[in-house]
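Let's work through a few exercises on a protein structure together. Take your time with each task before you read its solution.

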Amino acid sequence: MVARTWSARTTAARQTAYVEHFTRHVLPELHALPGFVDATLMTQDRAGEIGIFVLTRWTSRDVIRAFAGDDIERAVVEPEAQETLTSFDTTVQHWDILDTNTAP
């Protein structure tokens, strides 16, 4: 399994717009892809700026290619999402998941 991570920044006023975009547009697209496992959207208040961190999990890098294209290190940030952000990373990171532990 592979985790794909990405981060961005926005304002408190635009945070809701990004969350709505993620929920209404990004998640349905991801859920339609065979091999997509799940997504976690996190925010952090940074003294007036809101940090956004997205972690998605996939069954393989080949599945990620179906979503991101041949350059899987390139972030996929739709224009509608860009309008809600003050800045964003143009690349992503991939992590091989060795273990997932949940509470009993």
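**Exercise 1.** Find out in which sense strand 1 and strand 3 pair, and over how many bridges.

*Solution.* Step one: locate strand 3, which covers residues 49–58. Step two: compare directions; strand 1 and strand 3 pair in the antiparallel sense, over 9 bridges. Here, strands are DSSP runs of E with at least two residues, helices are runs of H or I with at least four, and both are numbered from the N terminus. Two strands pair if DSSP finds at least two bridges between them. Step three: pick one example, such as threonine 5, whose bridge partner in strand 3 is leucine 55.

A word on the model before we go on: it is predicted, so local features need pLDDT of at least 70 and side-chain atom pairs count only at pLDDT 80 or more, while totals for chains, interfaces and linings use all residues. Residues are numbered from 1 along each chain as its sequence is written, and side-chain values use heavy atoms, leaving out hydrogens and water.

**Exercise 2.** Work out how strand 1 pairs with strand 5 and with strand 4.

*Solution.* Start with strand 5 (residues 93–96): its pairing with strand 1 is antiparallel and has 4 bridges. In this pair, valine 2 stands opposite aspartate 96. Now turn to strand 4 (residues 87–88), which also pairs with strand 1 in the antiparallel sense, over 2 bridges. There, alanine 8 stands opposite phenylalanine 88.

**Exercise 3.** Decide whether the two faces of strand 1 are covered or open.

*Solution.* First, recall a rule: in a regular strand the side chains alternate between the two faces of the sheet. Next, sort the residues: Val2, Arg4, Trp6, Ala8 and Thr10 lie on one side, and Ala3, Thr5, Ser7 and Arg9 on the other. Every one of these is buried, so both faces are covered; buried means under 20% relative accessible area, exposed over 50%, and partly exposed in between, with a 1.4 Å probe and protein chains only. Finally, count: 9 of the 9 residues of strand 1 (residues 2–10) are buried, so this strand is largely enclosed by the rest of the structure.

**Exercise 4.** Describe the protein as a whole: which elements does it have, and in what order?

*Solution.* Begin with the totals, 3 helices and 5 strands. From the N terminus, they run β-α-β-β-α-α-β-β. Then look at burial: 35% of the 104 residues count as buried. Last, check the overall extent, where the C-alpha trace spans about 35 × 35 × 20 Å along its principal axes.
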